[in-house]
Each structure stands twice: as structure tokens, then as C-alpha cells.
Amino acid sequence: MFQWTPKSDAALAAGGVIGPDERLPWPQTAMLGVQHLIAMFGATVLAPILMGFDPNVAVLMSGIGTLLFFLFTGGKVPSYLGSSFAFIGVVIAATGYAGPGPNANIGVALGGIIACGLLYFIIGAIVQAVGTGWIERLMPPVVTGAVVAVIGLNLAHIPVKNMAPTPFDAWMQAVTFVCVGLVAVFTRGMVQRLLILMGLIVASVVYAVLANGLGLGKPLDLSGVANAPWFGLPQFSTPVFSAHAMLLIAPVAVILVAENLGHIKAVTAMTGKNLDVYMGRAFMGDGVATMVAGSVGGTGVTTYAENIGVMAATKIYSTAIFVVAGLMAILLGFSPKFGALIQAIPLAVMGGVSIVVFGLIAVAGAKIWVDNRVDFSDNKNLLVAAITLVLGTGDFTLKFGDFALGGIGTATFGAIGLYALLNRRRSA
């Protein structure tokens, strides 16, 4: 069993850093676990809703995935695994999901998610055997930044076009992202850290006043929450293996590699501990977690930037926190009342939150460029970024017989291939 070195409150009060192999007393560790659970909550629940998956299954599998990741990395890499937004575009394309409500073709998507997890695991095994150098050469910051940005930009049409069926809903989307912005700028401490959740709560209250009180929109209905039991099994689903869906969804593994690579580099910089030696094991753990999630109806998972942000703010990187958070998520996944509460959130409010989340993903890609000082006076970098962004945002699609590679896929492989082609002149 993994053992953490106990640290006192005084060590933290003195401005010290709590490393991955250290922990605070268990009561404080439990509270920090709750904080990380809340940090991942908004995005982990939002992604399955946008794909027509059961949010309870997604939360349950995020907890199981986090524990699997802990085991694969030997408790050395602090990270929480939540629902990946990289799957949304390809899952919608593979299933024809138009929302809202359950996805009737979820089985086809799950087969593709399992294929993606397997490919991800294989990449991790190769990295474990030969090191990370080949990935860093294949996917330098200009490529990873463009790919991450495209994920957000490609999804922008979902809340704007599909989640505001009436003028009132469009206005409520605006109210929602303004609420999130106000929380982000004018609050401090934990409230500010929970900007998505707090903004969603405030916007839901405003929605209830305008819709239920003044009759301006579809009333907020909480009857499902009152009638739902506290404990019960979530809605599990069985995968269906379709070659078309598998070929469409499996390439998302490349995006997951880029995300995980960037996250481990970030934690390495913050902790001062070289975690590159665990990169392959981290990829394999994430791959297995994605396969396990896909086998029962969960979304594919990835390491979460939201939780890395919390670690940066607290200077506490103990992996014990993530074991606690994972166990709590598993318990939460078995609560139908929690699922009913999520389903009761007004579509327009969820759309406003989606605008914020997708925008933050796009900006995260730009931040990779800034942090790595990508030189856009170099035509190679300029063209790779420019073409990739338009391919993804415009949903540029290439067809190979019955198979279609959509915007995120063409942008990802286009960025990798174009950089390799344009970089030949310099390396020659």
C-alpha cells in the first residue's frame, strides 16, 4: 500500500509546499478532496449532458478512473480524471445526437471511446518503452496549442445554435456568462475558485424568478429531484462496436496525449519534481480509465486542468487528496437525486456555462503558445496555427468512402502533418 509522509499544518502555514508523496492530516485532506471534487464537477457533468450521456455514470467513472490513474502512476502524479470535451464533437458526429435528453445511439459512441482508450494505452506503452522525446518532436507547443484551442472553437456552435430555442433562452445564456464573469472578477477565495458552479447557481435563481415568477420562459421543474431516491444504480449502457464510429472517435487519443503531456509538464514545473518518467504510465492509466468508462456508459476521461489550477493556488500536490476525491465521486455517482438535480438545470443556463467553458478551452490553447513563447514571426508556426484554427472552427471534413473525418480530427492530424512537412526545410 502506498504510504504518504505526514506533514503538519505548521508546514503549510510557513509557506511550504506539500509534495505528491506527502499529506496533511486526514481531516484536512478530506476537505481538500471535497474542494477538488467541486472543481471538477461543472465540466465533468456538462460534457455528458452535451453528448446525451448519464451524468451520474460520468461522475462515477471519473472517480474510478482517478483511482486507476493513481494505481498506474504508483501514487506519484497528482491528477483528477474527468470527462473530456475532446469527445463531444466526434460523438455527436458519430451518433447524430441533436439533444437534449438521452442519446439513442450511445452504444455506438461507447465502442468508439473504448477504441480510443486502447489506442491511448498503446501510445503510453510506447512512451514507457522509449521515452517522451518523439512525442515532443511530433507535437511541439505550436501544434498542441492549436489543437487544444480548436476543441473549444469547434464546439462553439452547440450552445449558440442548439441551446437557445427562444429569445428568452438566448438572453438567459447572456445572463449566465455575465454571472460567471462577475463571480470570477469580483469575488475572492474559494467562491472565485468555484466560478463556474457559483455562476450556474446564481443564473438558475435568476431563471427561476423570471420563468416561474414572471412567466417569461419554461418554468424550472424540481419535481424530479423531489421524487428521485437518494441511492440507486445509474443508467449503465452497453457498447456497440461500429467501424465507422471507432475510426472517427479513436483519433481523439492524440488530443488526450497533448492534454496529459501539458498537464504533467505543468505539475513538474510547480512541484520541482521531474514527472516525465511517469509519462508513459500516466498515458496508460488514462487509457485504461477511458476504456473502463466506455464499457458501461461513461465518457472518455482526461487529466483535468481545473484541478491543476486548484493545486497551483493551494501549493498542495498530495496524491492522497485525489484518492479521497475519487472515492467521494464514486459515492455521488450512486445518487439518482444528484442526477435529477443536474437534469433540472435549465437548458439556457447550461448553454451559457458551455459558452464560458468552451471559450476557456480555446484560450487555454493560446496560453500554451504564450507560456512556451511560440515565435509567430516564423512562417512555419504562423501557418500551422492559422490553418489548424480554421480547419477546426469551420468543421472542415474529409471523406474516405463512408468514413468522414470531422473538424477536430482534420485539425489535429493536419497540425501534426503540416508541422512535420514545413519543419523539414529547417532540419534539412
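Which residues are buried in α7? They are Val-142, Val-143, Thr-144, Gly-145, Ala-146, Val-147, Val-148, Ala-149, Val-150, Ile-151, Gly-152 and Asn-154. The model is predicted.

**Helix α7**

Helix α7 covers residues 141-154. Twelve of its 14 residues are buried, so the helix is mostly covered, buried being under 20% relative accessible area. Its length agrees with expectation: at 1.5 Å a residue, the 14 residues should span 20 Å, and the end C-alpha atoms are 20 Å apart.

**Nonpolar cores**

The largest nonpolar core holds 104 residues. Phe-85, Phe-87, Ile-88, Val-143 and Phe-283 touch the most other members. One of these, Val-143, is also among the buried residues of α7. A second core is separate and has five residues, including Val-57, Leu-60, Ala-293 and Ile-330.

What does Phe-283 touch, leaving aside residues up to four places away in sequence? Its contacts are Tyr-120, Ile-123, Gly-124, Val-127, Ile-135, Val-257, Asn-260 and Leu-261.

**Pocket and cavity**

The second largest pocket has a volume of about 970 Å³. Its lining counts 40 residues. Ile-49, Pro-100, Gly-101, Gln-343 and Leu-347 lie nearest the centre of this pocket. Two or more lining residues come from each of α2 (26-51), α8, α12 (223-227), α18 (336-343) and α19. By class, the pocket lining divides into 25 nonpolar, eleven polar and four charged residues.

How many cavities of 30 Å³ or more does a search of the whole structure find? The search finds four. The second largest cavity contains about 40 Å³ of space. Its lining consists of Val-90, Leu-248, Pro-251, Val-252, Ile-255, Ile-408, Gly-409, Thr-412 and Phe-413. Helices α14 and α21 are the elements that give two or more residues to this cavity lining. α21 gives the most, with four residues. Seven of the cavity's lining residues are nonpolar, two are polar and none is charged.

**Ala-348**

Ala-348 is found in helix α19. Is Ala-348 buried or exposed? Its relative accessibility is 1%, so Ala-348 counts as buried. Not counting residues up to four places away in sequence, Ala-348 touches Met-163, Asp-169, Met-172, Gln-173 and Thr-176. Ile-264 is 84 residues from Ala-348 along the chain, and their C-alpha atoms are separated by 35 Å.

**Positive phi angles**

Arg-373 has a positive phi although it is not a glycine. Asp-395 likewise has a positive phi and is not a glycine.

| Residue | Phi | Loop | Relative accessible area |
|---|---|---|---|
| Arg-373 | about 50 degrees | between α19 and α20 | 76% |
| Asp-395 | about 55 degrees | between α20 and β5 (398-400) | 41% |

Arg-373 counts as exposed because its relative accessible area of 76% is over 50%. Asp-395, at 41%, is partly exposed, because that value falls between the 20% and 50% limits.

Key
Residues are numbered from 1 along each chain as its sequence is written. This is a predicted model: local features need pLDDT of at least 70, side-chain atom pairs count only at pLDDT 80 or more; totals for chains, interfaces and linings use all residues. Side-chain values use heavy atoms; hydrogens and water are left out. A nonpolar core is a set of buried Ala, Val, Leu, Ile, Met, Phe, Trp, Tyr and Cys residues joined through side-chain atoms within 4.5 Å. Buried means under 20% relative accessible area, exposed over 50%, partly exposed in between (1.4 Å probe, protein chains only). Contact means heavy atoms within 4.5 Å. The expected span of a helix is 1.5 Å times one less than its number of residues. On a 1 Å grid over the protein atoms alone, a cavity is a set of points where a 1.4 Å probe fits but cannot get out, and a pocket is an open set with protein on both sides within 12 Å along at least five of seven lines; lining residues have an atom within 4 Å of a point. Grid points are joined across faces, edges and corners, and a volume is the space filled by probe spheres set on the points. Ala, Val, Leu, Ile, Met, Phe, Trp, Tyr, Cys and Pro count as nonpolar, Asp, Glu, Lys and Arg as charged, and the others, Gly among them, as polar.
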